[in-house]
Amino acid sequence: MTERMLVPTLQLIASEVESARTWSEASRSPSPERVATVFGSARTPRGEPAYEMARELGAALAGRRWTTVTGGGPGIMQAVRDGSGEFHSRAVRVEIAGEEPETVLDPSRTITVGTFAIRKLLMIHDIDALFVFPGGVGTFDELYEVLVHHDTYRLEPFPVVLMQPPGARLWNAWLGFMEEHLVRPGLVTPSLVKGLVVAESVEEALEAVAQPPARGGSDRMGERRHGEARNTVEWRSA
């Protein structure tokens, strides 16, 4: 049973790699400015504080000529698209029942892939910042993947901003859990968590990403264990 499920999935990933490479290079070429990815729940309805905050963030980033990348679905993803507009929006979709976007981007600015693995890879490589709104297990899966890549030096560092709308306490509770159950026992690198920023307004979020981090170097590099390799996700041909 396991082999029947695993082999087709691996074959699907292999078949999508080249098309993903082509789309990634083509879609980024007209974007000389900075690029941000936004994660968040597909179930957040219009009018909710998180939705309105995401729409405001999308508009503010577009006003600064940032391009925003989302999963292309409804909820927070649609809100960012509402704010940023088509020219400053890109999407990497996985077809999921019940997660149809209200509006669809031009084909040159969107791609639909068959696996979450490829979607996450396309959404987190070669970006300048990540904004994470409250969400469910999918949002946390995406966030943890970024943290793993940062902690193991598979990605160049970029700011990770946890967006907390008025009245929400999700990120405070999560950071408390991380500190008590993971940082104190020594299960994660303390600087990994300390580097996260909680923003309770779009202004705070923009301030957190005002200056791009230095590429090719980090104070955390000294924490790397002897013999540990450092890799950056790279789609360009050698």
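Is Lys120 buried or exposed? At 10% relative accessibility, Lys120 counts as buried, where buried means under 20% relative accessible area, exposed means over 50%, and partly exposed lies in between (1.4 Å probe, protein chains only). The model is predicted: local features need pLDDT of at least 70, side-chain atom pairs count only at pLDDT 80 or more, and totals for chains, interfaces and linings use all residues. Residues are numbered from 1 along each chain as its sequence is written, and side-chain values use heavy atoms, with hydrogens and water left out.

The protein chain has 238 residues, and 47% of them count as buried. Its secondary structure consists of 8 helices and 7 strands; these are DSSP runs numbered from the N terminus, with helices being H or I of at least four residues and strands being E of at least two. Among contacts (heavy atoms within 4.5 Å), those with a separation of 6 or more come to 73% from residues 24 or more positions apart. The chain exposes about 12,100 Å², of which carbon and sulfur atoms supply 55%; the areas come from the Shrake-Rupley method with a 1.4 Å probe, and for residues only the protein chains shown count as cover.

Charged pairs come next. Side chains of opposite charge can pair when their charged atoms come close. With a salt bridge taken as a side-chain nitrogen of Lys or Arg within 4 Å of a carboxyl oxygen of Asp or Glu, the count comes to 9. One of them joins Arg46 and Glu102, with an N to O distance of 2.8 Å. Arg46 lies in the loop between β1 (35-39) and α2 (49-63), and Glu102 in the loop between β3 (89-94) and β4 (110-113), so this pair ties together parts that are 56 residues apart in sequence. Arg46 is partly exposed, its relative accessible area being 48%.

Lys120 has a salt bridge too, with Asp141, and the closest N and O atoms are 2.9 Å apart. Because Asp141 belongs to helix α5 (residues 137-151) and Lys120 to helix α4 (residues 116-124), the pair ties together parts that are 21 residues apart in sequence. Asp141 is partly exposed at 38% relative accessible area, whereas Lys120 is buried. Elsewhere, salt bridges that share partners join Arg46, Asp82 and Glu102 into one network.

A further salt bridge links Glu86 and Arg81, whose closest N and O atoms are 3.6 Å apart. Glu86 is partly exposed, with a relative accessible area of 38%, while Arg81 is buried at 16%.

Helix α4 also holds Arg119, which is buried with a relative accessible area of 7%. Its side chain makes a polar contact of 3.3 Å with that of Glu142; such a contact is a pair of N or O atoms within 3.5 Å, where within protein one must be able to donate a hydrogen and the other to accept it, and residues adjacent in sequence count only if both atoms are side-chain atoms. Leaving aside neighbours within four places in sequence, Arg119 is in contact with Gly71, Val92, Arg93, Val94, Val113 and Glu142.

The backbone has some points to check as well. Most residues other than glycine have a negative phi. Arg65, not a glycine, has a positive phi of about 65°; Arg65 sits in the loop between α2 and β2 (67-70) and is partly exposed at 48% relative accessibility. Tyr153 also has a positive phi of about 65° without being a glycine. Tyr153 is found in the loop between α5 and β6 (160-163), and at 5% relative accessibility Tyr153 counts as buried.
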